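Please look over the sequence and the model below before reading on.

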Amino acid sequence: MQLLPCSPRAAFTAALLLGLAACAPRVPVSSPSVTAPVGPPNKYADATLRQIATAQDERSTSALLPFLSSPEAAYRREAALAFASVQDPAAVPALAQLLAADPDASVRRMAAFALGQTADTTAGAAALSARITSEPDRAVRRYALEALGRSTSRASFETLVRLPAPLLQDTSAQVGQAWGLYRAALRGITSEAAVTRVVQLLAMPTPYRARLAAANTLARIRNLNLTPFAAQITKACQTDPDYAVRAAATLALGKVTAPEVAPTLAVLARRDKDYRVRLSALRAMTKAMYSPVKEAAWDALADKEEQVALVAAEFFLANATGEPGSLFLDKANKTAPWRVRATLLAAALRQEGTNRADIRQAIEQRFAAASSVYEKGYLLKALSEDPAAYAFVEQATFAPGQPVVLGTYGIEALVALRHQPAFPAAQRPAFARALKRAISSGDVAMMGTAAEAIRDPKLASGNELPGAAFLREAQGRLVLPRDLEAWQSIQLTIDYLEKKKPTAQPIAKAATHPIDWALVQTIPAGQKAVVHTSKGPVTLLLLVEQAPGSVASFVQLVKAGFYNQKNFHRMVPNFVVQGGCPRGDGWGSSDYNLRSEFADLRYGEGAVGLASAGKDTESCQWFITHSPTPHLDGRYTIFAQVEKGMEVVSQLEIGDSIDRIELLP
């Protein structure tokens with residue numbers, strides 16, 4: 001599964017929030033005295049809009065429902081949009097009525113959007129299906145089609161697939177249908193007829209937004225044989241004018257079983273003008289293609305874009321067979337980017353029949369000489385390919401006085417070592433003791449990772465441990481909600497060891513960190529912030545009108561200097577770069593959590609979102625997307641957009657610093 005932009009244990013699927021945060025006193029909605037914004041005021045000068053947004057933040061359906069009947073269309077629209085974040089099925093009947101009868105098209109659009117976000121597969125899907133053919137406004141119909149994909153059941157899916165003939169040539173309907181089929185595919189709902197229609201929508205002159213959705217649908221549906229559509233997909237890879245469509249179509253090409261695919265991917269990896277397409281070509285290459293594409297991948301190690309070089313190294317780590325480890329060791333020694341080099345060293349260790357001792361020694365020497373804690377962490381990650389490195393990795397993991405980041409990488413490397421088929425049975429008790437030591441360390445990353453390993457049935461480490469008492473003791477020392485992920489991981493492990501169903505998580509209070517409306521009203525609608533990084537400046541446009549609580553929190557942290565000298569701790573090529581963690585490893589948080597704010601926004605190139613461990617668990621970490629990333633839409637708060645500096649964003653790597661963030665006047 002592709003990693004999501006959240007703190008490291010994104011496998012936590014429950015959207016929970018523990019209402020134990022220490023937070024500032026609640027600011028009344030009608031706060032009478034605020035400092036005037038420097039630029040044009042934002043919309044929350046309107047007290048009624050503040051009331052609606054407060055009800056959204058508090059997840060109060062009862063407070064929001066009356067606004068759906070307001071005589072003012074603006075208030076009906078905002079209230080409908082609020083339910084896209086609240087996502088309460090109890091609001092579905094009122095939203096359905098709004099979609100069917102409201103005289104204002106903008107209100108109907110937001111009603112459709114909210115119904116999709118609520119994902120009600122019965123009444124909600126029925127209301128959306130009925131509106132597709134009866135809706136006179138093309139934009140509303142487009143919203144309804146996409147929303148139906150978010151909420152459709154298999155019974156209503158045919159409505160989305162087989163549109164009436166007049167709509168098939170309507171460009172707005174094409175966009176809506178394409179995104180609807182994409183949203184349904186993300187939920188595992190598709191069909192042969194749907195795939196055929198998606199391929200039709202991939203072709204020019206279909207609108208860009210439809211082609212983008214179609215390409216992403218084909219790229220993300222699992223276990224799909226696209227061989228019958230090889231010609232259409234290949235044409236999109238080679239000729240579509242938009243890089244994002246070409247990149248997604250190129251990923252889809254990897255699902256085509258045909259002899260011409262490998263040379264096509266090799267050409268794309270070498271020649272496409274956009275690095276994100278070259279990168280996708282490398283990701284689409286499989287082990288079965290290794291021989292005909294390895295020279296192109298080898299050339300890509302020298303690509304001027306480090307992201308491409310890194311994915312090329314990852315290709316060899318995952319797919320190289322029958323190669324001498326010394327080949328990758330020699331290449332690593334000639335490679336400057338440390339992350340590419342560490343990945344090649346891991347590939348060297350992974351080769352069967354290799355004299356691992358020499359490679360292991362070379363990695364250990366680099367570890368001793370490395371000045372960057374992140375490089376040291378990646379070298380431990382490389383050593384996790386060789387069970388003989390266990391003692392070295394364990395010693396590095398628990399070395400006294402080390403940065404917390406190294407402990408995080410170290411415990412992950414120990415777990416990866418234990419997963420190696422050749423891990424010695426005699427070493428398993430020592431590994432179990434290391435997990436217990438990590439749980440007792442008080443470090444949230446070590447605790448969370450070790451707890452996850454203990455409940456992994458493939459490792460059976462729980463059999464080597466003395467019950468769950470030590471886990472309860474460690475859990476009792478955690479602070480909530482700051483240490484939410486570690487707390488949850490330990491609780492899941494306690495339940496696993498005691499053979500219980502997962503414990504129901506405590507329900508959050510109405511608002512553990514209410515929106516600071518006094519601060520919001522000082523932020524102009526066009527407020528910008530410059531992130532001064534070690535690679536250069538990145539200018540953000542803060543979206544205070546779409547995410548007031550998130551922007552207010554960000555501005556407050558910026559003014560306090562919270563982000564000064566923090567690092568970017570995560571970079572997934574052609575996905576996201578993420579920073580803002582006070583620990584520097586993705587396990588850190590502020591002392592409060594925020595409510596998710598899902599506005600009518602999309603994750604395009606340069607969208608800035610808040611990381612989370614599930615709905616309503618946002619905090620201080622944020623990420624920037626390298627390109628359109630539509631599977632994040634409606635799941636992570638977007639609070640800003642890169643206005644200038646995407647060339648800097650594409651160069652940011654793990655360990656690069658956020659020197660400071662400046663709010664522009």
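Does Ala 460 count as buried, partly exposed or exposed? Ala 460 counts as partly exposed, at 33% relative accessibility, where buried means under 20% relative accessible area, exposed means over 50%, and partly exposed lies in between (1.4 Å probe, protein chains only).

This is a predicted model, in which local features need pLDDT of at least 70 and side-chain atom pairs count only at pLDDT 80 or more, whereas totals for chains, interfaces and linings use all residues. Residues are numbered from 1 along each chain as its sequence is written, and side-chain values use heavy atoms, with hydrogens and water left out.

**Backbone geometry**

Ala 460 has a positive phi of about 55° although it is not a glycine, and it is placed in the loop between helix 26 (444-454) and helix 27. Helices (H or I, at least four residues) and strands (E, at least two) are DSSP runs, numbered from the N terminus. Gln 565, likewise a residue other than glycine, has a positive phi near 65°; this residue lies in the loop between helix 30 (548-559) and strand 3 (566-572), and at 55% relative accessibility Gln 565 counts as exposed. Most residues other than glycine have a negative phi, and most peptide bonds are trans.

Cis peptide bonds also occur in the model. One joins Met 204 and Pro 205, with omega about 5°, and Pro 205 lies in the loop between helix 11 (192-202) and helix 12 (208-220). Another joins Leu 480 and Pro 481, again with omega about 5°, and Pro 481 lies in the loop between helix 27 (469-475) and helix 28 (484-497).

**Confidence**

The mean pLDDT of the chain, where pLDDT is the predictor's confidence in each residue from 0 to 100, is 92, and 93% of the residues reach 70 or more. Over residues 1-36 the pLDDT is below 50, and this stretch has 106 contacts in the model beyond near neighbours in sequence, a contact being heavy atoms within 4.5 Å. Over residues 507-511 the pLDDT also stays under 50, and the model has 12 contacts for them beyond four places in sequence. Where pLDDT is low, the predicted coordinates should not be read in detail.

**Salt bridges**

A search of the whole structure finds 35 salt bridges, each defined as a side-chain nitrogen of Lys or Arg within 4 Å of a carboxyl oxygen of Asp or Glu. Among them are the following pairs.

| Pair | Distance, N to O |
|---|---|
| Arg 602 and Glu 146 | 2.4 Å |
| Arg 162 and Glu 158 | 2.7 Å |
| Glu 605 and Arg 276 | 2.9 Å |

The salt bridge between Arg 602 and Glu 146 links distant parts of the chain, with Arg 602 in the loop between strand 4 (576-579) and strand 5 (607-610) and Glu 146 in helix 7 (residues 138-151), 456 residues apart. Arg 602 is partly exposed at 31% relative accessibility, whereas Glu 146 is buried, with a relative accessible area of 8%. In the pair of Arg 162 and Glu 158, Arg 162 is exposed at 55% and Glu 158 is partly exposed at 36%.

The salt bridge between Glu 605 and Arg 276 also links distant parts of the chain: Glu 605 is in the loop between strand 4 and strand 5, and Arg 276 is in helix 16 (residues 275-284), 329 residues apart. Glu 605 is partly exposed, at 31% relative accessibility, and Arg 276 is buried, with a relative accessible area of 9%. Salt bridges that share partners join Glu 146, Arg 150, Arg 183, Arg 602 and Asp 633 into one network.

**Strand 5 and its partners**

From strand 5, Ala 607 and Gly 609 point one way and Val 608 and Leu 610 the other way, and all are buried. Two strands pair if DSSP finds at least two bridges between them. Strand 5 runs antiparallel to strand 7 (residues 638-644), to which 3 bridges join it, and Ala 607 stands opposite Gln 641 in strand 7. Strand 5 is also joined by 3 bridges to strand 6 (residues 622-625), again antiparallel, and the bridge partner of Gly 609 in strand 6 is Phe 623.

**Cysteines**

The structure holds 0 disulfides, a disulfide being a pair of cysteine sulfur atoms within 2.5 Å. The sulfur of Cys 581 has its closest cysteine sulfur in Cys 620, 6.6 Å away, and is therefore too far for a bond. Cys 581 counts as buried at 1% relative accessibility, and Cys 620 counts as buried at 0%.
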